[in-house]
Amino acid sequence: MRDAATSAPALSVEGLASGYAGRNVLTGLGFEVPKGGCVTIVGPNGHGKTTLLRTISGLLRARAGRVRIDGRDVTGLAPNRIAAAGVAHVPQGDLLFPQMTVAENLLMGAYLETDAGEIARRLAYVYGLLPKLAERRDQIAASLSGGERRMAGIGRGLMMGADLLLIDEPSLGLAPIIIEQIYGVIGALKAEGRSILLVEENPARVADLADAIHLLDNGALVWSGAPQELLARDELLATYLGG
Amino acid sequence: MDIIGPVLVAGLTTGALYALATLGLSLVWGALGMLNMAHGAMLTLGGYAAFSAVRTLGLPPALGVVAAAAAGVAAGALIHLLVASPLARRSPETFQTTIMIATFGVAIALENAILTVYGGQPFGQPVALRGFARVGPVTAPWQNLLIMGVALALMGAVALYLTRTRGGRAIRAVSQNREAAELLGVSSQGVYLRVLALSGGLAGVCGVMVSSITQLSPTLGGDPMLKAFIMCVVAGLGNIPGAIAASFGLAIVEAFVQYLAGARWGFPTLLAIVILVLVWRPNGLFGRAQVQRL
């Protein structure tokens, strides 16, 4: 995989601050995703989880702090350049191209790849991992079900060929059986050695998957540790996650 | 009824011109969420560029069309670099309004530049075919057939570009979801530049075609642009196939109304159709709810 020899973490975030028009949402936070690791950000809604991913991938400009991908400083770059540095951001709500077919959506994922052979190889890989997409390949994205849309969003991200995946609330609004399938796929991606930063509301869902969990509240990381530790801390769950 | 043939030829010719003018306008609206009020001025520019290339430089007419396309591409690219891109960067919230006013200003400036250089008197467009063709029972001017052919060829080429190439897919991707496209590595600024240049090139060729059956004057592009707006609104802004269908359909309606009721009833009829369509379907015949972009 990309730059496997270097010892830098897949993603390193330092003192990151960002927000929208005059309002700071993130107030200086830092963490790392080691190569091949799965790190999960949990926390209440509206406290900056999505803002964090959007700042890492450049959709929002950082007001302070640094973001490094594989040791390379990408702070302040436009999102298309950060994508080229090897980040696949699977955004919340999928953001598929609604009037394109599933196959066209997937091809857009490989936009930066110009080698036709490599694109075909990735397409075969994604169809192998997510067979539902192969069945639906000629259907326009707007006609997919919620679970299929989520699969297509993940598939499109995988078409980028990046080793670092940022996945925003993959379970949002889906039926439990579909959530299980989606997490099965994410588990398979981790087993392949990809590095994953996952945003999730429910820490129990990532108990077997995440190497580390950070609790994000009010724009700052208020607790970090292993998933099982967090699940044993009733007072944290009650305070921050309403459970 | 031997009159149906000629009226239909006239309707199809204007339909092809409307469709060509609409295509550029619709592409830009779809990708940038911007109404380019200078679109008509780019048509005019193309008409005059072909005129100068053939009359002043002595180039063959085919190269006159190339010169028109090149002038339109340059104008479109400059509008992006000097007007649209700075406005979008400085005040994305008010872009949809400010860009209309700004490109309206560009249109006035371009029109007056042409007036200064060429003067106000109309010229004949040298890029035009003479003579008539007989197609079965119908006689049609070669120039009208050329216009239909060029319009169909350009529309086909644009359709292939948008659906079959990587660059064209990127344009559709940005039109449908800019942020998602950027996350996949698409430079939205690069797409905007390409779309405005492409729309300028189409406008340039369209200007040659319009002036070939009317005449060259500094206000040449005004009427086709107005009609193009109408087609876009009837079809639903940003819906390209719908806008092309509306162009041909309404141009044929216009041609028959002009024949049956008199030339002055053509435009009021079009406007009446627009109002009725908007009352019945506010997003246009084939439109979906509009998304705010940029």
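Predicted model: local features only at pLDDT ≥ 70, side-chain atom pairs only at ≥ 80, totals over all residues.
A residue counts as buried here if 20 or more other C-beta atoms lie within 10 Å of its own.

Now its partners. β7(A) pairs with β6(A) in the parallel sense, over four bridges. There, A:Ala88 has A:Leu165 as its bridge partner. β7(A) is also joined to strand β8 of chain A, residues 195–199, by five bridges, and these two run parallel as well.

Next, helix α6 of chain A, residues 146–158. This helix has 13 residues and reaches 19 Å from its first C-alpha to its last, close to the 18 Å expected at 1.5 Å a residue. Of those 13 residues, 11 are buried, so α6(A) too is largely enclosed by the rest of the structure. The buried set includes A:Met151, A:Ile154 and A:Leu158, and also the arginines A:Arg149, A:Arg150 and A:Arg156. What do the buried residues of α6(A) pack against? The elements are β6, α3, α4, α5, β7 and α7 of chain A. β7(A), where I began, is one of them.

Chain A also has an open sheet of four strands, in the order β2-β1-β4-β5, with antiparallel pairing. Its edge strands are β2 (23–33) and β5 (72–73), each pairing on one side only. Two bridges join β4, residues 64–69, to β5(A). A:Arg68 stands opposite A:Asp73 there.

On to the domains. The assignment for chain A gives domain 1 as 8–86 + 164–175 + 194–243, and domain 2 as 94–161. Their C-alpha centres lie 25 Å apart. Six residues from domain 1 and six residues from domain 2 make the contact. On the domain 1 side, five of these are nonpolar, one is polar and none is charged.

Then the contact between the two chains. Chain A gives 20 residues and chain B gives 15. On the chain A side, α2 (79–84) and α3 (102–109) are the elements that give two or more residues. By class, that side has 14 nonpolar, five polar and one charged residues.

Last, chain B. Helix α3 of chain B, residues 61–90, has 30 residues and should span 44 Å at 1.5 Å a residue; its end C-alpha atoms are 43 Å apart, which agrees. The helix does have a kink of about 40°, centred on B:His80.

Helix α4 of chain B, residues 95–118, holds B:Ile114. Is B:Ile114 buried or exposed? It has 22 other C-beta atoms within 10 Å, and the cut-off is 20 or more, so B:Ile114 is buried. Which residues does B:Ile114 contact, leaving aside its neighbours within four places in sequence? They are B:Thr44, B:Leu45, B:Tyr48 and B:Pro218. B:Ala41 is 73 residues away from B:Ile114 in sequence, yet the two are 9.4 Å apart in space, C-alpha to C-alpha.

Technical notes:
Residues numbered from 1 in each chain as written. Chains lettered and ligands numbered in written order. Domains from an automatic or database assignment. Contact = placed C-beta atoms within 7 Å. Nonpolar A, V, L, I, M, F, W, Y, C, P; charged D, E, K, R; others polar. Expected span 1.5 Å × (residues − 1). Bend = angle between axes of the 7 residues up to and from the residue. Buried ≥ 20, exposed ≤ 12 C-beta atoms within 10 Å, placed from the backbone. Pairing = 2+ DSSP bridges.
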